[in-house]
Amino acid sequence: MNRLIPIALGVLMAAGTGIQGASQPTQGQRYSKSEIQQMIRAAHTPQEYQALAEYFRSEQQAFESKALVEKAEWDRRSQNVTGPLAKYPRPVDSSKNRYEYFAYEAQQMGQQADHFESLSGKTQQ
């Protein structure tokens with residue numbers, strides 16, 4: 001019985017470090033809205049503008065991937081539309097609205113990225 005306690009503690013410690021390692025972000029740097037606004041105000045060099053453009057490109061890609069997922073959900077929910085007595089908003093309407101929101105946000109992020117790429121002197125490839 002006494003031999004099992006150190007083994008159990010070792011297993012718990014190993015599981016704890018695995019959870020901590022999994023919680024670390026794997027994507028690029030995430031900024032708050034106020035940090036982005038501060039970076040925009042402080043940007044004066046091409047490198048700073050390029051860093052902002054890269055951030056907005058990554059945000060654009062994230063919104064585009066969310067839009068694709070929501071488009072698939074919208075298509076799935078469109079097959080189960082009920083009659084005229086269905087209450088609004090129907091699940092298909094919610095999916096459509098979320099898809100449109102993500103598509104709009106992706107477009108806005110793309111425009112921001114284009115703007116900062118033009119300020120940095122880099123042309124879009």
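**Aromatic pairs and a helix crossing**

Phenylalanine 102 has a relative accessible area of 7% and is therefore buried, where buried means under 20%, exposed means over 50% and partly exposed is what falls in between, computed with a 1.4 Å probe on protein chains only. The model is predicted, and local features need pLDDT of at least 70, side-chain atom pairs count only at pLDDT 80 or more, and totals for chains, interfaces and linings use all residues. Residues are numbered from 1 along each chain as its sequence is written, and side-chain values use heavy atoms, with hydrogens and water left out.

The protein chain contains 4 helices and 0 strands; helices are DSSP runs of H or I with at least four residues, strands are runs of E with at least two, and both are numbered from the N terminus. Read from the N terminus, the order of elements is α-α-α-α. Buried residues make up 22% of the 125 residues in the protein chain. Taking contacts between residues at least 6 apart in sequence, 66% join residues at least 24 apart, a contact being heavy atoms within 4.5 Å.

Two of the helices cross. Helix α2 (residues 33-42) and helix α3 (residues 46-78) have axes that come within 9 Å, with a crossing angle of roughly 150 degrees. These axes are lines fitted to C-alpha atoms, for helices over the stretch in contact, and the angle is taken between N-to-C directions on a scale from 0 to 180 degrees. The crossing of α2 and α3 is left-handed. On the α2 side the contact is made by Ile36, Met39, Ile40 and Ala42, and on the α3 side by Glu48, Leu52, Tyr55 and Phe56. Sorted by class, the contact of α2 with α3 has 7 nonpolar residues, no polar ones and 1 charged one. The nonpolar class holds Ala, Val, Leu, Ile, Met, Phe, Trp, Tyr, Cys and Pro, the charged class holds Asp, Glu, Lys and Arg, and the others, Gly among them, are polar.

Glutamate 48 belongs to helix α3 and is partly exposed because its relative accessibility is 34%. Apart from neighbours within four places in sequence, glutamate 48 is in contact with Ala42 and Ala43. The C-alpha atoms of glutamate 48 and leucine 119 are 9.7 Å apart in space, although the two residues are 71 apart in sequence.

The aromatic side chains come next. A pair of aromatic rings is described by the distance of the centres and the angle of the planes. Rings of Phe, Tyr and Trp (its six-membered ring) are paired when their centres lie within 6.5 Å; planes under 30 degrees apart are stacked, over 60 edge-to-face, and the rest tilted. This rule gives a count of 8 aromatic pairs. One of them joins phenylalanine 63 and phenylalanine 102, a tilted pair with 6.2 Å centre to centre and 35 degrees between the planes. Phenylalanine 63 is in helix α3 and phenylalanine 102 in helix α4 (residues 91-120), so the pair links distant parts of the chain, 39 residues apart. Phenylalanine 63 counts as buried because its relative accessibility is 12%.

The rings of tryptophan 74 and tyrosine 99 also form a pair, tilted because the planes stand at 35 degrees, with centres 5.6 Å apart. Here too distant parts of the chain are linked: tryptophan 74 lies in helix α3 and tyrosine 99 in helix α4, 25 residues apart. Tryptophan 74 has a relative accessible area of 18% and is therefore buried, while tyrosine 99, at 26%, is partly exposed.

Beyond residues up to four places away in sequence, tryptophan 74 touches Val92, Ser95, Lys96 and Tyr99. Its C-alpha atom is 9.2 Å from that of asparagine 97, 23 residues away along the chain.

Phenylalanine 63 is in contact with Tyr101, Phe102, Glu105, Ala106 and Met109, leaving aside neighbours within four places in sequence. Elsewhere, Tyr31, Tyr49, Tyr55, Phe56 and Phe116 form one aromatic cluster. Tyr55 and Phe56 are also among the α3 residues that make the contact with α2.

Definitions and conventions
A crossing is left-handed if the near helix is turned anticlockwise from the far one by less than a right angle, and right-handed if clockwise.
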